[in-house]
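Subject: Structure handover

Hello,

Please open it before reading on.

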Amino acid sequence: MITVNRPMRLVVINIVLFTLLAICVWCLLTLGSAASFPIQHIKIHGNYKHIDRAQIERLVKPHVGSSFFRVDLNNIKHALLTETWLKSAKVTRIWPNQLIITLDERSPVAIWNSEHLMTSQGVVFSSDAEAFMSTLPMLSGPRDKEAFMFEKYNEFNAILSPLDLHINQLLLTSSMVWSMRLDNDVELMLGENDARGRLLRFVAVYPKILTAKHHRAKRFDLRYGDGVAVKWR
């Protein structure tokens, strides 16, 4: 039976601890170096139409060659989200030298105040709104009313559906006065109070009293208590 005295045991323990510490330091220095397992491949995934892929590649390119272990994924993500069309981005490491970037593009549903694009959640983002003038409705209103107006746009369109008419432009002034232009180029003045009820009145009278002349109507003023004023072309 071999016995180890106490001083020798302490020496052995210290040697083991020192060795483990040295190994840890070596791992940190070696694996943290860009020369060890550098990022060599970056793949970009996602369904998108308007995101500038070249710009995405420029934002990501500085991270090529970074260490697999030390590459800052959050930094890459924040850089990507500076692209206005980008709703979200996911950055994932794949061993030993690859990054996978998954992009989620914003979906514009309307043009806001003639300048910006807007999502169905009321998120406004800057882009080339002019390119969408012929395909998206135009909503104009006070700041912070984006989501509210899109909700009303859907509600008003549902009311108009029996007439097979749709809203091209919806306007809400700072004093909360509603007006709209339809896809047949007819304007509706709804005023401040009970816009929904007044629009229902329009749906009721439009096919009854304007059958012969509806193609000549230019504007319907529904701000009266019980009636409607029509301006003809």
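This is a predicted model: local features need pLDDT of at least 70, side-chain atom pairs count only at pLDDT 80 or more; totals for chains, interfaces and linings use all residues.

Overall: the chain has 233 residues, and 33% of them are buried. Its secondary structure consists of five helices and 12 strands. Of the contacts with a separation of 6 or more, 46% join residues 24 or more positions apart. The exposed surface comes to about 14300 Å², with 56% supplied by carbon and sulfur atoms.

Cores: the largest nonpolar core holds 29 residues. Leu-139, Phe-156, Leu-170, Met-180, Leu-188, Leu-199 and Phe-202 have the most contacts inside it. Two or more residues each come from β4 (110-112), α4 (146-160), β8 (167-172), β9 (178-182), β10 (187-191), α5 (195-209) and β11 (217-221). The top contributor is α4, with six residues. A second core is separate and has 23 residues, including Ile-44, Ile-101, Phe-125 and Ala-129.

Beyond four places in sequence, its contacts include Met-138, Leu-139, Met-149, Tyr-153, Phe-156, Trp-178 and Met-180. Ser-140, Lys-152 and Ser-179 are also among them.

Glu-83: this residue sits in the loop between α3 (73-80) and β2 (86-94). Is Glu-83 buried or exposed, and which side chain of opposite charge is nearest? Glu-83 is buried, and the nearest such side chain is Arg-58, 7.2 Å away. Glu-83 has no salt bridge. Apart from residues up to four places away in sequence, Glu-83 touches Ile-51, Asp-52, Gln-55 and Ile-56.

Best wishes

How values were computed:
Residues are numbered from 1 along each chain as its sequence is written. Side-chain values use heavy atoms; hydrogens and water are left out. Helices (H or I, at least four residues) and strands (E, at least two) are DSSP runs, numbered from the N terminus. Buried means under 20% relative accessible area, exposed over 50%, partly exposed in between (1.4 Å probe, protein chains only). Lys and Arg count as positive and Asp and Glu as negative; His and the chain ends are not counted. A salt bridge is a side-chain nitrogen of Lys or Arg within 4 Å of a carboxyl oxygen of Asp or Glu. Contact means heavy atoms within 4.5 Å. A nonpolar core is a set of buried Ala, Val, Leu, Ile, Met, Phe, Trp, Tyr and Cys residues joined through side-chain atoms within 4.5 Å. Accessible areas come from the Shrake-Rupley method with a 1.4 Å probe; for residues, only the protein chains shown count as cover.
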